[in-house]
Amino acid sequence: MKIGAVALAALMILGGCGPAGKGGGPADQFAGLDGEILKWRGEIIARDPLCRSKVEGQTCVDFEVACKAQRTVTPADQAKGVTGRVVAAISWNGFDDKFKQAQRGAKSAEFAKSASGWTRTDHAPVSMSTCADL
């Protein structure tokens, strides 16, 4: 399944959480994050009930990265090798088989970067416009 134009545009617009930079600059701390968000999207398609409809023509569409926001890396994080934290929210349109209707889905996740790459954990819902905790 191809990523929708809206989601691709959102990834491109929100591609960096910091200012652009040359090698070793601030933007490098977020290198690889967009790829991790695309993997997360793939997992949503594979596992979320709104994406598993058996009704013909009812698939998950219109994925949109609503927000991405850098979070503070604490001394405790640094001691564990974490070099960056970002919270992101994604939304999509799916189909609820139980109620036989289209429905909007949304999830939030926190991404942490270390020398081994990015890891993702579920995060409580956030404001879809700012990624601030609710």
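How many residues does the hairpin that joins strand 3 to strand 4 run through? That hairpin passes through 2 residues.

## Basis of the model

This is a predicted model, in which local features need pLDDT of at least 70 and side-chain atom pairs count only at pLDDT 80 or more, while totals for chains, interfaces and linings use all residues. Residues are numbered from 1 along each chain as its sequence is written, and side-chain values use heavy atoms, with hydrogens and water left out.

Helices (H or I, at least four residues) and strands (E, at least two) are DSSP runs numbered from the N terminus, and two strands count as paired if DSSP finds at least two bridges between them. Strand 2 (residues 84–96) and strand 3 (residues 101–114) run antiparallel and are joined by 13 bridges, with tryptophan 92 standing opposite glycine 105 of strand 3. The hairpin of these two strands has 4 residues between them, and lysine 100 there takes a positive phi near 55°.

Strand 3 also pairs in the antiparallel sense with strand 4 (residues 117–122), over 6 bridges, and here serine 114 stands opposite glycine 117 in strand 4.

## Aspartate 34 in helix 2

Aspartate 34 lies in helix 2, which spans residues 33–47. This residue counts as partly exposed because its relative accessibility is 24%, given that buried means under 20% relative accessible area, exposed over 50%, and partly exposed in between (1.4 Å probe, protein chains only).

The side chains of aspartate 34 and lysine 68 are joined by a polar contact of 2.8 Å, a term for a pair of N or O atoms within 3.5 Å; within protein, one must be able to donate a hydrogen and the other to accept it, and residues adjacent in sequence count only if both atoms are side-chain atoms. The C-alpha atoms of aspartate 34 and valine 65 are separated by 10.0 Å, the two residues being 31 residues apart along the chain.
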